[in-house]
Amino acid sequence: MHVPDATYRLQFRNGMDFAKAVELIPHFVSLGISHLYASPVFTAVEGSTHGYDVVDYNEIDPALGGEEGFRSLVAALKAQGLGIILDIVPNHMAAHLQNGWWHSVIEWGRASAHAGHFDIDWHQPLTLPFLGRCFEEELEAGAVRVAFDRGRNCLALDYSGALYPLHPESYGLVLEGAEPTVAKIAAIAAAAEPREADRFHSRLASLLQTPALMAALDTQLARVSTDRQRMQALHALQPWRLMDWRSARDHLSYRRFFEIAGLVGLRVEDPSVFADTHRLVLTLVREGLVDGLRVDHIDGLADPEQYLDRLRHAVGNRTFIVVEKILEAEEPLPPEWPVEGATGYEFISALAELLAEEEASDLWNGTSGAQAAAAIRECKLMLLRHNFHAEVTRLARLVEEESAGGRTAEAVRQLIAALPVYRTYVTDRGATARDRRIIEEIAARASDAAPAVQAEIEDVAAALLGDGAAQGEFRTRFQQLSGAVMAKAVEDTYFYRRGDYLAANEVGADPRWRPGGVRRFHAMMLRRASEMPKGLSATSTHDTKRGEDARARLHAIGEAPDLWATAVARWHEMNAAAIHCLPSGVTPEAAMEQFLYQSILGAWPVELIGQGSLPALRERMQAFAVKAAREAKLRTNWEEPDQHYEAAVTAFLAAVLDWRNRIFLDDFERVARPFIRAGLVNSLSQTLVKLTAPGIPDIYQGSERLDLSLVDPDNRRPFTPVSLSAEQPRSPTKGNFEDCKQWLIAECLRYRRQIGADLMRRGDYRPVAVEGPAARHAAAFLRQRAEECAITVVPRLVLGRLDETRLHVRPELWRDTALVWPEEGEPRQFQNLLTGKLIAARRRLPIGEIFGGFPVAFLIQA
């Protein structure tokens, strides 16, 4: 199997294409990665900034360089000994007219050859929620007309340039009363059949090559477009209905990706759909061009295990496969899945244990686990009653045809609200003991929370565990929905409301989490070594809420919560005038103000901010603040933005981050300075752990240096790689931190690739005890295989304990503190890979001696 040594996540689009990626290969080589880990490369909606809105799975996007460009990139990678892992998106496609399959379904309805590709409820017309207002209002305003689509060679309803094809059977109504030369188009359409769609379109194209006939058709279409009654009738004849985009929450006939109506769910559980959507990627794998696959949003699929079995069978055992799966605390990756692991969000959660101050009672006392759980439940119920109302109504009907919602719908809501994980995996093959236990537990919790619908809760729980076709469809839809609700309720609602400790608000984080410290970190790493040693170890991704260095910095707040709280109160007073002078009298609430101050700290530059760099920070923060406020769904939201509130928030930031506001800026810089320095050391600690702990290090583009990005799209900005000088940095400071971090990565990856390859891939994980007065300020672990071993040692909780000029913990902290060699082994002599210093074999290894001239240490056998 092509198991990577280390991956480098590259986001294509936003200025990055295959040719530019080829130019980066020398950087990849110098960094030491083994595989480029590419975001989706298949043809997406024109202008896509991410590639997850695929319109053609069987074409590599010409905007990136097409198949020829892709093959050139792979050849250039292989020439340097590198491979490639592709991100594939089996859950959804773009519900866009550029998608030929979707266009066919709109044109022919359920008779389309591609109707079965999409997860559509055909008990009603296909809903197309893409209008700014309801159809009648748009029609009255003259925004909808009939047109001939010259690209697709069919009649269509034209709404702002989007051409929705008419069913050929409705051409007669359009052409009624037209001159005879035009009217014969209706006869051709009446005889058209879906299986001969290409022939039908070609006939229309040939017929309308005559300018006079095209002009006559245009005249007829213009006349019909002004006939409101005929236009209403024409719309009613279609197998689809155009409607206001806001109506998707109440009336949606297809499964979507989360709340995004522009992404329609696929039925890859159907073998023919799997074949159609995977034809090209399987060809690339079989030709040896692609070494691995990353499967996006595995929890959105009807039957993840079945899909992965089919994928594994198709690509063979030599292909590396990881899945995007959010694992809750103590939740294992299903052991029956034939994959190497997950994409690494659980690794970020483990690092939080390492970096967070477990004794920060001031931060955690205000929000108990029970309070957080209650808040999450309320967020889930809000979304289920509003944003996902259509999905809940469909589920209720599947359980009880006559219910049309009502009590059964409430039972569905209460069960999903009680679910502690993203989803269960019950299929026609039955339920595992774990899933059965989860369903029984959530039924009990839901009944306690909503006793008025206890009978319906029991019925719905029985349907989840029952047999039969009706129960099977309900079970599938319920499990596909629950993950989307969890993600939107926690990551995209609650974490934008909670502003006291933003480092904990990350994808995959437990909202009820309290730091467990080094002991829990070791426990999580032991599980990782046992259950998922080939999973990716991520610190930043395209979906993380903050870049890894911003998060490492914000963890330091837990070490001085009183200092931070006092500063926030002071800044509130300093900026009171800015708050009270905002337009329309609307002001950001205290919670939002605190959320913004922490966010500014996360993005604050390492060096002193200058007048020239302030506007860029201000612009980034304003865009982020609007997104954060909408995600919180308290004062504004995506469906009904409160422009006054959003203007107030952006105006507040404009005033706060203004060069003339020097009193605040200088004070913020003074307070931020120790947090920034501690964050840089935290960053080196988490980087070394990522490089040496169980798992495969994954480096997000640009994060080999300083990653202070905010949530997307901020974290998808173009980046410029930097080549290190021949003189390697050995003593980190604020000024050379980026070089030091990049050098650390390159040194450790070189070790992983060469003399430490077998140890890093297959070695056991063993916690190493630290004893002495400063024991809680360091963590260490040993990787061991046979007689070979290496030790990772990192500092933690270093705020206020650093040298004034260098990023070193002051030596006096480590007095009388040492690593303790395991009793059952003989001490060995080591060499610190990062300093070259030899460490003599002893039972107790002094921490101060181990670190020497670098803030973290990686000890290899001398």
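Modeller: P713 is in the loop that runs from β18 (696-700) to α28 (737-753). Helices (H or I, at least four residues) and strands (E, at least two) are DSSP runs, numbered from the N terminus. The model is a predicted one, in which local features need pLDDT of at least 70 and side-chain atom pairs count only at pLDDT 80 or more, while totals for chains, interfaces and linings use all residues. Residues are numbered from 1 along each chain as its sequence is written, and side-chain values use heavy atoms, with hydrogens and water left out.

Biologist: Is the peptide bond from D712 to P713 cis or trans?

Modeller: Most residues other than glycine have a negative phi, and most peptide bonds are trans. The bond from D712 to P713 is cis, and its omega is near 5°.

Biologist: Which value does phi take in H297, and where does H297 lie?

Modeller: Phi of H297 is near 45°, which is positive although the residue is not glycine. H297 belongs to the loop between β14 (292-295) and α11 (304-315). K633 is another case, with a positive phi near 60° in a residue other than glycine. The loop that holds K633 lies between α25 (614-632) and α26 (643-656).

Biologist: Is H297 buried or exposed?

Modeller: The term rests on relative accessible area: buried is under 20%, exposed is over 50%, and partly exposed is in between (1.4 Å probe, protein chains only). H297 has 11% and is buried. K633, at 14%, is buried too.

Biologist: How many helices and strands does the protein have?

Modeller: There are 30 helices and 26 strands. The radius of gyration is 29 Å, close to the 29 Å from the globule rule for 862 residues, so the protein is as compact as a globular protein of that length. That radius is taken over C-alpha atoms, and the rule is 2.2 Å times the number of residues to the power 0.38. Along its principal axes, the C-alpha trace spans about 100 × 65 × 60 Å. Of the 862 residues, 61% count as buried.

Biologist: Which residues does S537 touch?

Modeller: Contact means heavy atoms within 4.5 Å. Residues up to four places away in sequence are not counted, and S537 then touches F347, R528, K690, P694, G695, I696, P697 and D698. S537 sits in strand β17 (residues 536-537) and is buried, at 0% relative accessibility. For the protein, among contacts between residues at least 6 apart in sequence, 75% join residues at least 24 apart.

Biologist: What is in contact with Y422?

Modeller: Beyond four places in sequence, the contacts of Y422 include D299, K325, S482 and E491. Y422 lies in the loop between α16 (406-418) and α17 (433-449), and its relative accessibility of 5% counts as buried. From Y422 to Q479 there are 57 residues in sequence and 8.4 Å in space, C-alpha to C-alpha.

Biologist: Where is A95?

Modeller: A95 is in the loop between β6 (92-94) and α3 (100-108). A95 is buried, at 8%. Outside four places in sequence, W102, F130 and Y254 are among the residues in contact with A95.

Biologist: Is N14 buried, exposed or partly exposed?

Modeller: N14 is partly exposed, with a relative accessible area of 32%. N14 is found in the loop between β1 (7-10) and α1 (18-31). Leaving out neighbours within four places in sequence, N14 is in contact with T49, R716 and P718.
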